[in-house]
Amino acid sequence: MKKLLFLPLILLLTGGCAVNSISEKETVTANLQQTEKNKTFDDVAIYPGFKADPAKSFIYESGDIKVGRLVLRGRAPITEVVNFYKNTLPKEGWEPVSISVYGKEANLTYMNQTRVLQIQVIEGFSETTLIIQIGPKGELTTPTE
């Protein structure tokens, strides 16, 4: 008899957890979709046609600080994606630090007065992955003896 009483209680508790995790995932997805409608970090455009992967992306914002990592997927040749960012980022105040393209992979690093931006482009067989990471620029320090 006790086993029969615990079964509905267990189903009720586990069902509630599932609802919470679904609503949290929907919230994250909605936030990322809203982000895609505008710009990711106000001054970094998303390559046209690419969609965010909410399970692998996050944006944290507190006051003037905005950091995050966006993983996006779409289909485009690596050269077009690289050229898009080489043309658009300087117009938004980003200065190139390093740009390297090797085969089907590219890494772009840019800086502005307060932040560092890293973009990785990986062209796969069926899709291209775009990883955009942004964070505050650290201060340079020299080791003391």
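In this predicted model, the side chains of E123 and K104 meet in a salt bridge, with 3.8 Å from N to O; a salt bridge here is a side-chain nitrogen of Lys or Arg within 4 Å of a carboxyl oxygen of Asp or Glu. E123 sits in strand β6 and K104 in the loop between β4 (95-102) and β5 (105-111), so this pair ties together parts that are 19 residues apart in sequence. Helices (H or I, at least four residues) and strands (E, at least two) are DSSP runs, numbered from the N terminus. K104 is exposed, with a relative accessible area of 51%, whereas E123 counts as buried at 14%. The cut-offs behind those words are under 20% relative accessible area for buried, over 50% for exposed, and partly exposed in between (1.4 Å probe, protein chains only).

As for the ground rules, residues are numbered from 1 along each chain as its sequence is written, and side-chain values use heavy atoms, with hydrogens and water left out. Since the model is predicted, local features need pLDDT of at least 70 and side-chain atom pairs count only at pLDDT 80 or more, while totals for chains, interfaces and linings use all residues.

Back to the charges. E123 also meets R75 in a salt bridge, again side chain to side chain, at 3.8 Å from N to O. R75 lies in the loop between β3 and α2 (78-88) and E123 in strand β6 (residues 115-123), so here the parts tied together are 48 residues apart in sequence. R75 is partly exposed, its relative accessible area being 48%.

Another salt bridge joins the side chains of D53 and R73, at 3.4 Å from N to O. This pair links distant parts of the chain, 20 residues apart: D53 is in the loop between β1 (51-52) and β2 (58-62), and R73 is in strand β3 (residues 65-74). D53 counts as buried at 17% relative accessibility, and R73 is partly exposed at 24%. The count of salt bridges comes to 5. Salt bridges that share partners join D53, R73 and E127 into one network. As background, side chains of opposite charge can pair when their charged atoms come close.

Then there is the greasy side of things. The largest nonpolar core has 25 residues, and V44, Y85, L117, I119, L130 and I132 touch the most other members. Such a core is a set of buried Ala, Val, Leu, Ile, Met, Phe, Trp, Tyr and Cys residues joined through side-chain atoms within 4.5 Å. Two or more residues of this core come from each of β3, α2, β5, β6 and β7 (128-136), and α2 gives the largest share, 5 residues. With residues up to four places away in sequence not counted, I132 touches F41, V44, G68, R69, L70, L72, Y85, L117, Q118 and I119; a contact means heavy atoms within 4.5 Å.

What does α2 itself keep buried? In this helix, I78, V81, V82, F84 and Y85 are buried. They cover an arc of only 155 degrees around the axis, which puts them on the same side of α2; the arc is that of the directions from the helix axis to the C-beta atoms. The cover over the buried residues of α2 includes β4, β5, β6 and β7.

Strand β4 is itself hardly covered: among its 8 residues, the count of buried ones is 0. β4 and β5 run antiparallel and are joined by 7 bridges; two strands pair if DSSP finds at least two bridges between them. V101 stands opposite A106 in β5. The hairpin of β4 and β5 has 2 residues between the strands, and G103 takes a positive phi near 65 degrees there. E92 is placed in the loop between α2 and β4 and counts as partly exposed at 36% relative accessibility.

Zooming out, the protein chain has 2 helices and 7 strands, following the pattern α-β-β-β-α-β-β-β-β along the sequence. Buried residues make up 30% of its 145 residues. Among contacts between residues at least 6 apart in sequence, 48% join residues at least 24 apart. The chain exposes about 10100 Å², and carbon and sulfur atoms supply 58% of that; accessible areas come from the Shrake-Rupley method with a 1.4 Å probe, and for residues only the protein chains shown count as cover.
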